[in-house]
Amino acid sequence: GTIAVEDIVQQTRRGRSIPNEGPLKKLSAAWINRRLRLTQNNNPHEAFEPTKSNLTFTGRLLDALIYKVLGPGKIELTFKDENHPGYQTASGEPGNQVPYKELAGYVADGGRPFVGVRPTIRRAINRIVKKFVKRSLAVSRLTKQ
């Protein structure tokens, strides 16, 4: 789960969409201007670039991505059960709070889906699980004697 979450965050901050296997949709000129104005009252993330679509204006959405273990060999990629606090407007007013899951849905509907598992990461996870199973079997054989 950790590997999948770290890969999603890293790829998204690079401006890549995992489900679309390419770059995230470009930002409109109006949104670029709004982002520039919002930087006056909000602390942008270190990876933030005004003209680059990488979901890191403040970094809160990607930082809220987590995984939950559903059972043996099953995880769910989800978001913390919290609200995104919203951005302060240019006049300093607090923005509307939105649950992170809902915000991720809006982002995906807007042409910027980012949650998924790349085939290379899937293979890496399979290798890790196989090593763990082999090691567990070897330890169990040694402890039976």
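Colleague: Before we start, what should I keep in mind about the numbers?

Modeller: The model is predicted, so local features need pLDDT of at least 70 and side-chain atom pairs pLDDT 80 or more, while totals for chains, interfaces and linings use all residues. Residues are numbered from 1 along each chain as its sequence is written, and side-chain values use heavy atoms, with hydrogens and water left out.

Colleague: Which order do the elements of the protein chain follow from the N terminus on?

Modeller: Helices (H or I, at least four residues) and strands (E, at least two) are DSSP runs, numbered from the N terminus. Here they go α-β-β-α-α-β-β-β-β-α-α. The radius of gyration, taken over C-alpha atoms, is compared with a globule rule of 2.2 Å times the number of residues to the power 0.38. This chain comes out at 19 Å, well over the 15 Å the rule gives for 145 residues, so it is more spread out than a compact globule. Its C-alpha trace spans about 70 × 30 × 25 Å along the principal axes.

Colleague: Is N42 buried or exposed?

Modeller: Buried means under 20% relative accessible area, exposed over 50%, partly exposed in between (1.4 Å probe, protein chains only). N42 sits in the loop between α2 (29–38) and α3 (60–63), and its 7% relative accessibility makes it buried.

Colleague: What is N42 in contact with, leaving aside neighbours within four places in sequence?

Modeller: Contact means heavy atoms within 4.5 Å. By that test, N42 touches F57, Y87 and Q88. A polar atom of the N42 side chain also lies 2.9 Å from the backbone nitrogen of Q88, and one lies 2.8 Å from the backbone oxygen of L38.

Conventions
A polar contact is a pair of N or O atoms within 3.5 Å; within protein, one must be able to donate a hydrogen and the other to accept it, and residues adjacent in sequence count only if both atoms are side-chain atoms.
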